[in-house]
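Me: Can you walk me through this structure? I'd like to ask about a few spots as we go.

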Amino acid sequence: LPRLTHVVALTLPRIIPNVLINKREELIPLLVCTIHLHQDAAQRDILLQWLFNLKKRPQEEERRCILAGLVSLARASSQTVIESELLPHCWEQMGHKHMERRLLVAEACSALAPYISAGLRNSLLLSILQQLLGEDREETVRVSCVRSLALIVAVMADTDKYTQCEELTLTALQDSATVVADSAAHILLPILAQWSLTLHYLQEKLLTRLLTTLHTALKRSAGGASTLLLSALRSLLPYLVMCVATVDEVTDKIQPGLPLAEPRTGFADLCQGLANPAVFYSGEFTVGSVMGAFDVAVKETRWLELDWILDTMVPKLLDCLDLVDVAQEELLNGFIAFFKSLAAGFGKTVTVNMIRPLFVARLDILESRLVNLDRDWPNLSLIPVYLLAVVAPIQSEVGEVGSTVQRFLLSLALCGAPVDCLQVSVSQLSKVPALHETLMTALWEGVVHPRPSVRAVTASMFGHAIRSVGESMTTNRIVPALITLASDPDITVKTATIPVFGTLIEYSTNKEVEDKTYFQLQSLLGDPTVRDSHPALLQLVTTLGRIVSRCDAWFRDDVVVPQLAATAAYTLQLTNQSRRLDLASALVQAFNNAVYCSLSKNTITTALIPGLRYLEQVCSQSLVSHHETVLSMIQEAESRSDIVKPIERSSSTISLAMATSNVGQGMEDVKNRVTKIFQTPISRPTNLPNLQSINIFRKK
């Protein structure tokens, strides 16, 4: 046998180059047997080189075959052979120019780990993975490193290596490639968390390190990394709950007849896979018994692990939240999701009596900063997080939701601060049917407030509620409030209602609501104060452009397009360049939406084409970048009419005059003809006036 082994060892290096490349893996069993049986270390080394270099760029299936050969060798070899012969080849391949060879090394680390001594695993394999994870330029290799590292950490017993493993995990979580960071969050982090929980390092080391890293990432405006770190923190909440709950202060209360744990709605989605307490917790008591005892204990006492959450973690997270702008939607949603899960995991008592006061104190500070502001506005992300994550999910806190919305509706409006935080809050709160009445009641206080700024902000809030509250709430609560605000003597309040009426057209299917909305838009179009207000006129153009494809055909033909044409003529006469540019830009967008809608030929001829020709003149003078776009729209409109040649400018003037004729019919007559709309629904809007009867640009 030794002689045969020697002959085969000498012959294989001559045979392998002459075997077809896609058939070479069939030689692996022969290579492995020869390496194992050969007595000469030098010859074994040559054959090992052939095994690693069997393919220049081994693909997945081919790497699997090579790894199977390596595992067979490791099983049959001593630790000395593995250390002195097998692993050095892995080390040599780390710097190979081909990604597939480096990938083979990363995969070999996990494949060989069970057959290598703990000392070698914790030193050499960890060093190989550390170098590949930190230096390899291919994300595929780094992903494989993360998986291999997870296996090594799972069997790690050397507590001195914890800090190094934590460092590698943080490195992977902050990797520039999303696929690497995701692998670290879903595979490596849960295993490290279980180890840290066993060592009682979860709060002291892992979570503290993650909180510090998150704060650093937010300070340097690393949005993507911050979002992933926040998601990683949220994924560790099941471990944190068990860390806090499995203490003597809790387990001592476990006894027969213990009440069942309160439902933790929304927390189960985190307790999946490796993060399932039934998987990572192996204590004396069941998870259900522990949580039942926890719910009893928190009503009576506090302890060190619970205090860490209230004194360290939540304050640090609120400091992080202070660095997040409401416009950073993904990050804001991440904080909302985190605190919602935190509240669900620790239950109502902890949330209401311990976490909520921390938020309230911060809200008080925020409100005082708004009042005494002498610099830029502070970030207001705390408001939606408090409303949506802390109080809204708890049924008994409905009143707090309403009072907080009302409180900041007033304070933000009176200070002139941005209200996007409230818009986000109202939009999400309106998706919860149980909160509809509370929300409408809070907003009504803004409708009847004596300050115009509050009423204007309130009007905008209704626009964010319409999408979710349903037809009944829209008809009975929102529409009456909007009608009240639309007749407000202050022009800013009227202006704020315009886009909301547009939202009603887009989302409401109730005929009565539609008819009342059409009437209110016409009233606003005929209002002299709106005509004289540039912001109001600009908002009207924007809203008409938004609804032109969604409104009824009669309203599109008789109101929207003629008014866009009239506004284009008005814009051409403007001498204020800033206002001219504002209106021109809005008109380009509005006409771009209108030109492809279904329109009558009369409307195309008497309003659309004349309006586009006015707009073309404006753009040729003041908005050259959109001139070609307007010319294309004119060409499209003319192709849909009976016009054979371009309309002369004099004809355009006549058409526009026709579109805004019949001035003699006043608004009083209009109101008389539509009074029935506010009493009973109508089947068809034939009794509504055309805006053609109101020349909004007629000089007085």
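Me: Let's start with Ala 177. What does it touch, leaving out residues up to four places away in sequence?

Reply: Ala 177 touches Glu 139 and Arg 142. Keep in mind that this is a predicted model.

Me: How far apart are the C-alpha atoms of Ala 177 and Arg 142?

Reply: They are separated by 9.2 Å, and the two residues are 35 apart along the chain.

Me: And where is Ala 177, in a helix or in a loop?

Reply: In a loop, the one between H9 and helix H10, which covers 178–198.

Me: Buried or exposed?

Reply: Ala 177 counts as buried because its relative accessibility is 7%, and the cut-off for buried is under 20%.

Me: OK, what about Thr 169? Which helix is that in?

Reply: Thr 169 belongs to helix H9, residues 162–173. It is buried, with a relative accessible area of 0%.

Me: Which residues is Thr 169 in contact with, neighbours within four places aside?

Reply: Three leucines: Leu 188, Leu 189 and Leu 192.

Me: Where does His 200 sit, and is it buried or exposed?

Reply: His 200 is in the loop between H10 and helix H11 (202–219). At 68% relative accessibility, His 200 counts as exposed.

Me: Let's zoom out. How is the chain split into domains?

Reply: The domain assignment gives domain 1 as 1–186, domain 2 as 202–394, domain 3 as 414–530 and domain 4 as 533–641.

Me: How far apart are domain 1 and domain 4?

Reply: Their C-alpha centres lie 68 Å apart.

Me: What about the largest nonpolar core? Which residues touch the most other members?

Reply: Phe 335 and Phe 339 do, in a core of 237 residues. Helix H18, residues 329–371, gives the most to this core, with 16 residues.

Me: What does Phe 335 touch, again not counting residues up to four places away?

Reply: Leu 214, Leu 218, Leu 230, Leu 317, Cys 320, Leu 321, Val 324 and Val 385.

Me: And Phe 339, which aromatic cluster is that part of?

Reply: Phe 339 forms one aromatic cluster with Phe 338, Phe 359 and Tyr 386.

Me: How many aromatic pairs are there by the ring-centre rule?

Reply: The count comes to eleven, with ring centres within 6.5 Å taken as a pair.

Me: What sits over the ring of Tyr 201?

Reply: The charged end of Lys 205, at 4.0 Å from the ring centre.

Me: Now Leu 564. Which helix, and buried or exposed?

Reply: Leu 564 is in helix H29, residues 553–573. With a relative accessible area of 0%, Leu 564 is buried.

Me: What's around Leu 564, beyond residues up to four places away in sequence?

Reply: Leu 564 touches Val 541, Leu 544, Leu 587, Ala 590, Phe 591 and Ala 594.

Terms used:
Residues are numbered from 1 along each chain as its sequence is written. This is a predicted model: local features need pLDDT of at least 70, side-chain atom pairs count only at pLDDT 80 or more; totals for chains, interfaces and linings use all residues. Side-chain values use heavy atoms; hydrogens and water are left out. Rings of Phe, Tyr and Trp (its six-membered ring) pair if their centres lie within 6.5 Å; planes under 30 degrees apart count as stacked, over 60 as edge-to-face and the rest as tilted. A charge sits over a ring if NZ of Lys or CZ of Arg is within 6 Å of the ring centre and within 35 degrees of the ring normal. A nonpolar core is a set of buried Ala, Val, Leu, Ile, Met, Phe, Trp, Tyr and Cys residues joined through side-chain atoms within 4.5 Å. Buried means under 20% relative accessible area, exposed over 50%, partly exposed in between (1.4 Å probe, protein chains only). Helices (H or I, at least four residues) and strands (E, at least two) are DSSP runs, numbered from the N terminus. Contact means heavy atoms within 4.5 Å. Domain bounds come from an automatic or database domain assignment.
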